[in-house]
Amino acid sequence: MMETLTPWQRFWDRKHRIYASERHREFHYRRIAEDIIAELPHAEAILLDYGCGEALQAERISRFCGRLVLCEAAPSVRQGLVARFGSNQRIVVLAASDLGQLSASTVDLAIMNSVTQYMSADEFDHVVAKLRLLLRYDGRLIVGDVVPPGGAIVGDVASLLRTSIEGGFVIAAIWSLVATLFSPYRKLRRKVGLSTYTEAEIKARLARAGFHVERRNRNFGFHRGRATYVATRTR
Ligand SMILES: C[S@@+](CC[C@H](N)C(=O)[O-])C[C@H]1O[C@@H](n2cnc3c(N)ncnc32)[C@H](O)[C@@H]1O
């Protein structure tokens, strides 16, 4: 059956130039992998990465857990994941709509990094409720890279430039900033916008869904102006 994709999901499903270069793409996924590995509770943990994107470091992450479920809405991204990781016995690739295939109360850690901004608040609540059912009691949901209201483009530019100095891709970053001015990303951001949350708002939403929530001292990834929340299932 043909899936209906939201405008943002269609964006991620097509070829895009979000990363300034191959080096930037690898640098990004390496950092996300380090952040995820640091949060794994034990070596046999079942880990669910919701909206995982290309998950370039999935192979490495899978060596630190019992099972890694990569869940992604964009069909072409999923195809790439299956092609890359299909032969790894510890990695499973699922469509976002197939979360129901997982057994309730089995997941130790669920990650949703840099995804909340691309879904409506209602969809966020819906997904969080589904993830809560999948988590074990005491399991954790980490919601990362949450964009605060007024999270202006200037902050994104500063973040990219800072990251490019650390990662050694400054020239590519400058070119990519120029290209971004005319990119589909910018048009869509203007037209559809990004969902944003204050700390109080997102904590209240997660608490209503049955979680105890703390803000993590550092955001996942490189963006210092965004936030990560650690939500523990309490009921
Ligand atoms: C910015 S990328 C983040 C990828 C990865 N989590 C990371 O931290 O680099 C956003 C991803 O979320 C996916 N996505 C967007 N809306 C989604 C939804 N409603 N359900 C599942 N995935 C979604 C997109 O297809 C895209 O791969």
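Ile 165 has its place in helix α6, where helices (H or I, at least four residues) and strands (E, at least two) are DSSP runs numbered from the N terminus. With a relative accessibility of 64%, Ile 165 counts as exposed; the classes are buried under 20% relative accessible area, exposed over 50%, and partly exposed in between, with a 1.4 Å probe and protein chains only. The model is predicted, so local features need pLDDT of at least 70 and side-chain atom pairs count only at pLDDT 80 or more, while totals for chains, interfaces and linings use all residues. Residues are numbered from 1 along each chain as its sequence is written, and side-chain values use heavy atoms, with hydrogens and water left out.

**Nonpolar surface patch**

- Ile 165 is one of the residues of a nonpolar surface patch, together with Leu 161, Val 170, Ile 171, Ile 174, Trp 175, Val 178, Leu 181 and Phe 182.
- The accessible area of these residues together is about 940 Å², computed by the Shrake-Rupley method with a 1.4 Å probe, and for residues only the protein chains shown count as cover.
- Patches consist of residues with over 30% relative accessible area and no salt bridge, like charges being joined within 9 Å and nonpolar side chains (Val, Leu, Ile, Met, Phe, Trp, Tyr) within 5 Å.
- Helices α6 (153–167) and α7 (170–180) each contribute at least two residues to the nonpolar patch.
- Helix α7 provides the largest share, five residues.

- Setting aside residues up to four places away in sequence, Thr 163 touches Phe 27, Phe 169 and Phe 222, contact meaning heavy atoms within 4.5 Å.

**The sheet and its helices**

- An open sheet of seven strands has the order β3-β2-β1-β4-β5-β7-β6, with mixed pairing; two strands pair if DSSP finds at least two bridges between them.
- Strands β3 (91–95) and β6 (211–215) are at the edges with a single partner strand each, so one side of each has no neighbour in the sheet.
- On average, neighbouring strands of this sheet are turned by 20° against each other, direction ignored; axes are lines fitted to C-alpha atoms, for helices over the stretch in contact, and angles run from 0 to 180 degrees between N-to-C directions.
- Strands β1 (residues 46–50) and β2 (residues 67–72) run parallel and are joined by five bridges.
- Within this part of the sheet, Tyr 50 stands opposite Cys 71 in β2.
- Helix α2 (residues 22–39) packs on the sheet and touches β1, β4 (107–113) and β5 (135–146), its direction making about 150° with that of β4.
- Helix α4 (residues 75–85) also packs on the sheet, in contact with β2 and β3, and its direction makes about 165° with that of β3.

**Salt bridges**

- The structure contains 13 salt bridges, each defined by a side-chain nitrogen of Lys or Arg within 4 Å of a carboxyl oxygen of Asp or Glu.
- Glu 22 and Arg 25 form a salt bridge whose closest N and O atoms are 2.9 Å apart; the two are three residues apart in helix α2, and therefore about one helical turn separates them.
- Glu 22 is partly exposed at 42% relative accessible area, whereas Arg 25 is buried at 18%.
- Arg 25 also meets Glu 54 in a salt bridge (2.2 Å, N to O).
- Glu 54 lies in the loop between β1 and α3 (58–62) and Arg 25 in helix α2, so this pair ties together parts 29 residues apart in sequence.
- Glu 54 is partly exposed, at 21% relative accessible area.
- Arg 226 and Asp 156 form a salt bridge, with 3.4 Å between the closest N and O atoms.
- Because Arg 226 lies in the loop between β6 and β7 (227–233) and Asp 156 in helix α6, the pair ties together parts that are 70 residues apart in sequence.
- Arg 226 and Asp 156 are both buried, and salt bridges that share partners join Asp 145, Asp 156, Arg 189 and Arg 226 into one network.

**Surroundings of Pro 7**

- Pro 7 has its place in helix α1 (residues 7–13) and is partly exposed, with a relative accessible area of 38%.
- Apart from its neighbours within four places in sequence, Pro 7 is in contact with Leu 188 and Val 192.
- The C-alpha atoms of Pro 7 and Tyr 118 are separated by 9.0 Å, although these residues are 111 residues apart along the chain.
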